[in-house]
Amino acid sequence: MKKVCIIGAGYVGLVTGACLADMKHRVICVDSDLEKVKMLRRGNVPIYEPGLDEIIRRNVKAGRLSFGTSIPQGVASSEIIFIAVSTPPKADGTADLSSVAIVARTVAETMDGYRLIVDKSTVPVKTGEKVAETIKRYNRKNVDFDIASNPEFLREGSAVDDTMHPDRIVIGVSSKRAEKLLKELYAPLKAPVIVTDIKSAEIIKHASNSFLALKISFANALAQICEMSGANVMEVVEGMGLDRRIGRAFLSAGIGYGGSCFPKDVAAFIKISEELGYNFELLKIVEKINREQRGRFVKKIEETLWIVKDKVIGILGLAFKPNTDDMRSAPSLDIIAELQREGATIKAYDPKAMGVARKVLRGVKFCRNAYEVARGCDALVIVTEWDEFKQMSLDRLRALMTHPIIVDGRNILDPEKVKEKGFIYKSIGR
Ligand code: NAD
């Protein structure tokens with residue numbers, strides 16, 4: 001059993017903390033957001049993540065998981081300290097590391113014996129060095145410490161399962177003591193552990209996300225060629241993906257990647273490379289394809305409707321992907337803003353993101369389900385590929401809509417079936 005403090009109880013920190021507690025470690029999750037901590041202490045989970053409620057409840061009850069706002073308190077009771085705070089993008093694309101820096105300083109000021117400080121936030125290469133310098137500077141009691149990098153690869157929507165069954169665990173260390181502690185911590189998972197130096201671990205994270213974004217942009221570029229030639233991108237990626245060297249995952253055409261990680265991590269990786277003296281042109285094109293794909297999708301809606309002004313457009317799906325309530329950098333935000341600018345009236349529904357959506361969207365009529373959205377709509381636009389949108393009754397939708405138009409940004413409906421039901425149907429790359 002290890003004593004662990006997780007600083008930053010967001011999508012990553014909270015899931016990591018809950019899962020480590022479930023592995024029988026004793027975990028305190030610390031967050032500066034008092035409201036979040038109050039909620040957690042009352043037994044409410046501030047984010048939607050399948051299975052997370054249950055795992056938190058079980059471990060709080062067993063006395064292995066607790067929540068607080070005080071870093072010194074967390075540091076006092078733990079040997080391993082994880083930094084899992086946000087690292088949002090600055091206007092120039094570089095990562096804002098101010099939260100990492102302040103946390104490192106506070107940890108250093110309160111350590112009263114050996115601590116292993118592990119960075120789990122996604123950070124540029126060489127951040128470990130900066131964290132080590134900061135800790136050295138404020139390490140008043142001059143105690144021993146180690147720094148490690150342990151990048152996180154969980155996916156929102158399946159974060160608990162990903163944490164309990166990871167493809168690999170990457171541990172970037174500079175001492176045997178740190179390596180041993182982290183291997184013991186993760187031993188219950190019986191997952192492959194890759195031990196590297198700290199800088200390599202930092203790069204593995206940015207490189208992995210950038211490569212996945214590259215696959216998405218590749219599929220979106222293929223979608224263009226398929227539309228222009230009359231081929232079907234779904235069949236093309238299926239045919240490619242069965243090749244084990246390529247793989248089918250992240251090879252789907254759509255409306256481009258969004259969310260709190262890919263856009264920010266690709267931009268940060270381009271910047272880091274630039275600072276190191278390398279012009280990562282490949283990633284610049286990945287970003288460009290992604291931007292253009294979003295624009296082309298809005299254009300497709302406009303072309304289908306001819307005049308957008310005063311039309312009622314129903315948006316199905318607001319979260320950046322299914323099974324989450326996260327709307328950070330969600331494609332729905334750009335698409336809705338553009339259609340509103342053109343004078344459309346927007347109705348919208350998402351199975352889990354309505355609470356978040358009400359806070360971030362203005363002038364949208366929120367509905368309780370897809371059918372309520374469809375009532376009186378000139379077009380339905382599928383933005384997030386939730387399962388429930390794959391199973392909608394097309395007859396019911398058609399009867400409710402003013403005009404039977406569906407623009408499917410995720411290729412989740414069968415074109416033949418939709419057209420048979422009398423819809424005008426547009427999708428991506430087919
Ligand atoms: P988040 O915004 O959901 O959570 C971050 C938490 O840190 C928030 O609760 C915030 O209140 C807290 N925080 C910020 N500054 C703090 C401080 N000084 N002291 C204490 N708490 C503080 O973010 P997230 O999605 O969990 O991401 C965290 C990190 O993990 C980021 O670097 C992100 O890039 C990376 N990451 C995210 C994912 C993902 O899917 N969300 C996956 C892998 C890696």
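## The ligand and its polar contacts

An oxygen atom of the ligand lies 2.6 Å from an N or O atom in the side chain of lysine 264. A polar contact here is a pair of N or O atoms within 3.5 Å; within protein, one must be able to donate a hydrogen and the other to accept it, and residues adjacent in sequence count only if both atoms are side-chain atoms. The model is predicted: local features need pLDDT of at least 70, side-chain atom pairs count only at pLDDT 80 or more, and totals for chains, interfaces and linings use all residues. Residues are numbered from 1 along each chain as its sequence is written, and side-chain values use heavy atoms, without hydrogens and water.

Glutamate 156 places a polar side-chain atom 2.7 Å from a nitrogen atom of the ligand. In the side chain of arginine 328, an N or O atom is 2.9 Å from an oxygen atom of the ligand. The protein covers 89% of the 830 Å² of accessible area that the ligand has on its own (Shrake-Rupley method, 1.4 Å probe; for residues, only the protein chains shown count as cover).

## The shell

Helices (H or I, at least four residues) and strands (E, at least two) are DSSP runs, numbered from the N terminus.

## Two domains

The chain is assigned domain 1 (3-196) and domain 2 (207-430); the bounds come from an automatic or database domain assignment.

In contact are 20 residues of domain 1 and 19 residues of domain 2 (heavy atoms within 4.5 Å). The two domains bury about 1500 Å² between them, 59% of it on carbon and sulfur atoms. Tyr11, Tyr48 and Glu156 supply 39% of the area that domain 1 buries against domain 2, more than any other three residues. Buried area is the accessible area (1.4 Å probe) that two parts lose on being put together, summed over both.

## Backbone exceptions

Most residues other than glycine have a negative phi. Lysine 24 has a positive phi of about 80°. Lysine 24 sits in the loop between helix 1 and strand 2 (26-30). Asparagine 411 also has a positive phi, of about 50°. Asparagine 411 is in the loop between strand 13 (405-408) and helix 18 (415-420).
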